[in-house]
Protein chains: 2
Amino acid sequence: MPQSSVYLNGQLVSTATASVSVFDRGFLYGDGLFETLRVTDGRPCRWLRHLSRLERGADFLRIPIPTGASELLAHVQELIVINAMPDAVVRLVLSRGSGPRGYSPRDTNAPSLVISTHPRLIHDDTRPPRWALVTSRVRVAPDDPLTRFKTCNRLPYVMARMEAEESGADDALLLNTRGQIVDSSCANIFWSKDGVIHTPPIASGALDGITRTALLETAARLNIETSECDVMPGQLRESDGVFLTLSTLGVVEVSSIDGETVPSNPIIPRLRAALEQHQG
Amino acid sequence: MPQSSVYLNGQLVSTATASVSVFDRGFLYGDGLFETLRVTDGRPCRWLRHLSRLERGADFLRIPIPTGASELLAHVQELIVINAMPDAVVRLVLSRGSGPRGYSPRDTNAPSLVISTHPRLIHDDTRPPRWALVTSRVRVAPDDPLTRFKTCNRLPYVMARMEAEESGADDALLLNTRGQIVDSSCANIFWSKDGVIHTPPIASGALDGITRTALLETAARLNIETSECDVMPGQLRESDGVFLTLSTLGVVEVSSIDGETVPSNPIIPRLRAALEQHQG
């Protein structure tokens, strides 16, 4: 395999040696943001939406993005070609960079920006097409403005994923402190009931997922009614189909939750197919 | 100033060039832990307690600590001497290291461990001896097991500190999603009322602070009654003194909260002096 590269602060460097200071606030405090995009036929999917979320997050955290939008896209496209990864995943990481010790971001002037490519499937991902979920012990705070972005504070999701693996499940279901369903460790959650597609509102603590929005738009195009509503785990059991959405895999059906089988629903492959046709 | 060093994975390296991979999960997800210790007369204060919290956190996150306890202390002591920092702050950072993309920590086998020394006061810290607090918009989740440790997921505290600076305050007061007082961005909070010292319980979402525990023990030695109890912001206004505890500065009195003056109380300097005498 040829040596691959990453873009680090506007410079192409070897993947094997690309590094940041041990005083980078990304490393110390998770003080940063990231985006993970699918690449299909050499094209980063839903680029403008991912860029927009990164920009909104950077604005909220007050981290200046050191590279202009068009240059950023050029670097992403160049990296896809250089690394020969036309069907892959691109990850962007923006951290606040290094500064004096302590939480105050004052005197932190040089953000770190990393662009990397990755195989679409993680090599050890032997999960089936339909995922078994278990409910995590992790509870997220509702109405947390930080959940609107993909911040680098991801320990709750790491812990939840670890719980899922320990119990032999494919992913974990996260609840908020009110006990309502929020999302899975790496995806937004949807369920169907009598032909209507439901998903928790962002205010529940759910990530404002790019694919979540695209799924809602896809449903509208198909004249499928959608509803954003809070739901307790018990109510989810009464649904007639559950699925997840995530940028890298699109729509993933859920086969069971905490060992209870979830019915298969033909509306889900229909939504998946329609979503795959619109990657804009 | 002579070139200073850090210990990075058991090796002494220059502070200026010490770095970790851009794929280190500390950088990507805040998937790690840290400790900040005060160094007095060349000795790291409350070393065993900090080490114990690091070990408990590492056990919870399932990150193996790559260096044995006695070797770790030897490295800390050596660094204090090499960097000529007998009155300073030592920071330890343990991250899970690099692995495949995604939240799953599988196939992540080489943790990163960084030991660094820092001036005790951050150079631009011009805060007065008594701090003015403002209430942050950030809300933390109560009963979150992750708040028991110093994880590298610190964005809520970064945001809270930023809010404080924007409003000209010295630090921010954090509430949990139940609206109860939890702690400040970098310290545990205490208040006195009729001779009794109160502090929120850890279950409120407060950090299990080393200096918090030491303060409670100090009060017991002085026969001052203590109580761990939930409190709403309004009740704090009825107290007769408020203070913070943090490893690097010990006891810091609070002068005001959201512009309302907090009374000065002689019990606070008494506790501070007694705490300073016991750094074990």
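A residue is called buried when its relative accessible area is under 20%, and this cut-off is what we need for the first stop in this predicted model. In chain A, strand β15 covers residues 250–257, and eight of its eight residues are buried, so the strand is largely enclosed by the rest of the structure.

Which strands, then, pair with β15(A)? One of them is strand β8 of chain A, residues 131–140, which runs parallel to β15(A) and is joined to it over three bridges; within this pairing, W131(A) stands opposite V254(A). Another is strand β14 of chain A, residues 242–246, which pairs with β15(A) in the antiparallel sense over four bridges. Here L246(A) has G250(A) as its bridge partner, and the two strands are joined by a hairpin through three residues. Strands of a sheet pair through backbone hydrogen bonds, and the pairing can be either parallel or antiparallel.

Strand β16 of chain A, residues 260–261, also pairs with β15(A), in the antiparallel sense and over two bridges, and in this pairing I257(A) stands opposite E260(A). The hairpin of β15(A) and β16(A) has two residues between the strands, and in it D258(A) takes a positive phi near 50 degrees.

Elsewhere in chain A, six strands form an open sheet with antiparallel pairing, and their order across the sheet is β2-β1-β7-β6-β4-β5. The strands at the edges are β2, residues 11–14, and β5, residues 43–44; each has a single partner strand, so one side of each is left without a neighbour in the sheet. For β2(A), the pairing with strand β1 of chain A, residues 5–8, is antiparallel and extends over four bridges, and it places V6(A) and V13(A) together as bridge partners.

From here we can turn to the place where the two chains meet. How many residues of chain B are in contact with chain A? There are 67 of them, and they touch 67 residues of chain A. The size of an interface is often given as the accessible area lost when the parts come together. For chain B and chain A, the area buried between them is about 5600 Å², with 64% of it on carbon and sulfur atoms. On the chain B side, the residues that lose the most area to chain A are F27(B), R101(B) and Y103(B), which together make up 18% of what that side buries.

Several elements of chain B each supply at least two residues to the side that touches chain A, including α1 (25–29), α2 (47–61) and α4 (155–166). The largest share, nine residues, comes from α4(B). Sorted by type, the residues of this side of chain B divide into 31 nonpolar, 19 polar and 17 charged.

Strand pairing, which we followed inside chain A, is also found between the chains. Strand β3 of chain A, residues 19–21, pairs with β3(B) in the antiparallel sense over three bridges, and S21(A) has S19(B) as its bridge partner in β3(B).

Note on methods. Residues are numbered from 1 along each chain as its sequence is written. Chains are lettered from A and ligands numbered from 1 in the order in which they are written. This is a predicted model: local features need pLDDT of at least 70, side-chain atom pairs count only at pLDDT 80 or more; totals for chains, interfaces and linings use all residues. Side-chain values use heavy atoms; hydrogens and water are left out. Buried means under 20% relative accessible area, exposed over 50%, partly exposed in between (1.4 Å probe, protein chains only). Two strands pair if DSSP finds at least two bridges between them. Contact means heavy atoms within 4.5 Å. Buried area is the accessible area (1.4 Å probe) that two parts lose on being put together, summed over both. Ala, Val, Leu, Ile, Met, Phe, Trp, Tyr, Cys and Pro count as nonpolar, Asp, Glu, Lys and Arg as charged, and the others, Gly among them, as polar.
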